Amino acid sequence: MLKHALVVAALLLPAAFATAHEYTAGDLHIAHPWSLALPPNAPNVAAYFIVHNNGAVDDRLLSVDTPISANAQLHEHVQTAAGAMQMQQVDSVPVPAGKDLVFAPSAYHVMILQPTDRSLLTDGKRFPLTLHFQRAGDVTVQVAVQQQAPAEQQGHSHAH
Ligand SMILES: [Cu+2]
């Protein structure tokens, strides 16, 4: 019985790590960085993730960078006076203590302009993205490129 249980655990463990795809830096926990696979002619690529701040002190995402582009920006979606949604660059994004900071379609996102290495932007591939936090420091995550938004975020993309 015991032997059987151990074999099962050994089989499940690597798979659990592969799908969990999350990172910890100090009090911050970063869940499932992902990006949508795009047609080869798309000029920019957006990346998404969720940062949970387990600490008692606010942090702040100051900037991001990636080896696949010379220009990665923090963007937000805002409603214009005319009622249209548009995105614009922001200097930094607060990560409040005890809260989730959600990067998702139609919300905060990382905008990667003119990516150079497009071989990494296809379904199933991953590319590195380094997040620079004011308190937690630098965290390099792997952004999973996928054909569809994660199930919990599909409502957002369907709103378009
Ligand atoms: Cu944008």
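These notebook entries record what I looked up in the structure.

**Entry 1: the model.** I noted that this is a predicted model, in which local features need pLDDT of at least 70, side-chain atom pairs count only at pLDDT 80 or more, and totals for chains, interfaces and linings use all residues. Residues are numbered from 1 along each chain as its sequence is written.

**Entry 2: confidence.** I looked up pLDDT, the predictor's confidence in each residue, from 0 to 100. The chain averages 86, and 82% of the residues score at least 70. I found the lowest mean, 45, in helix α2 (residues 154–158), and the highest, 98, in β4. Two residues count as in contact if their C-beta atoms, placed from the backbone, lie within 7 Å. Where pLDDT is low, the predicted coordinates should not be read in detail.

**Entry 3: elements.** I listed 2 helices and 11 strands in the chain. Helices (H or I, at least four residues) and strands (E, at least two) are DSSP runs, numbered from the N terminus. The order from the N terminus is α-β-β-β-β-β-β-β-β-β-β-β-α. Among contacts between residues at least 6 apart in sequence, I recorded that 66% join residues at least 24 apart.

**Entry 4: pairing around β3.** Which strands pair with β3? Strands pair if DSSP finds at least two bridges between them. I found β2 joined to β3 by 6 bridges, in the antiparallel sense. In this pair, Trp 34 stands opposite Tyr 48 of β3. Strand β9 runs antiparallel to β3, with 4 bridges, and Val 110 in β9 is the bridge partner of Ala 47. Strand β8 is likewise antiparallel to β3 over 4 bridges, and there His 52 has Asp 100 as its bridge partner.

**Entry 5: pairing around β4.** I then turned to β4 (residues 59–65), which is joined by 3 bridges to the antiparallel strand β7 (residues 93–95). Leu 61 has Val 93 of β7 as its bridge partner. Strand β10 (residues 126–133) also pairs with β4 in the antiparallel sense, over 4 bridges, and its His 132 stands opposite Ser 63.

Entry 6: I looked up burial: a residue is buried if 20 or more other C-beta atoms lie within 10 Å of its own, exposed if 12 or fewer, and partly exposed in between, with C-beta atoms placed from the backbone. Buried residues make up 21% of the 160 residues. A nonpolar core is a set of buried Ala, Val, Leu, Ile, Met, Phe, Trp, Tyr and Cys residues joined through C-beta atoms within 7 Å. The largest such core has 26 residues, of which Ala 47, Leu 129 and Val 143 touch the most other members. Strands β2 (28–36), β3 (44–53), β8 (100–103), β9 (109–113), β10 and β11 (137–146) each give two or more residues to this core. The largest share, 5 residues, comes from β3. Leaving aside neighbours within four places in sequence, I found Leu 129 in contact with residues including Pro 33, Ala 47, Val 110 and Val 143.

**Entry 7: Ala 25.** Is Ala 25 buried or partly exposed? Ala 25 is partly exposed because 18 other C-beta atoms lie within 10 Å. I located Ala 25 in strand β1 (residues 22–25). Not counting residues up to four places away in sequence, Ala 25 touches Phe 133, Ala 136, Gly 137 and Val 139. Ala 25 and Asn 53 are 28 residues apart in sequence, and 9.8 Å apart in space, C-alpha to C-alpha.
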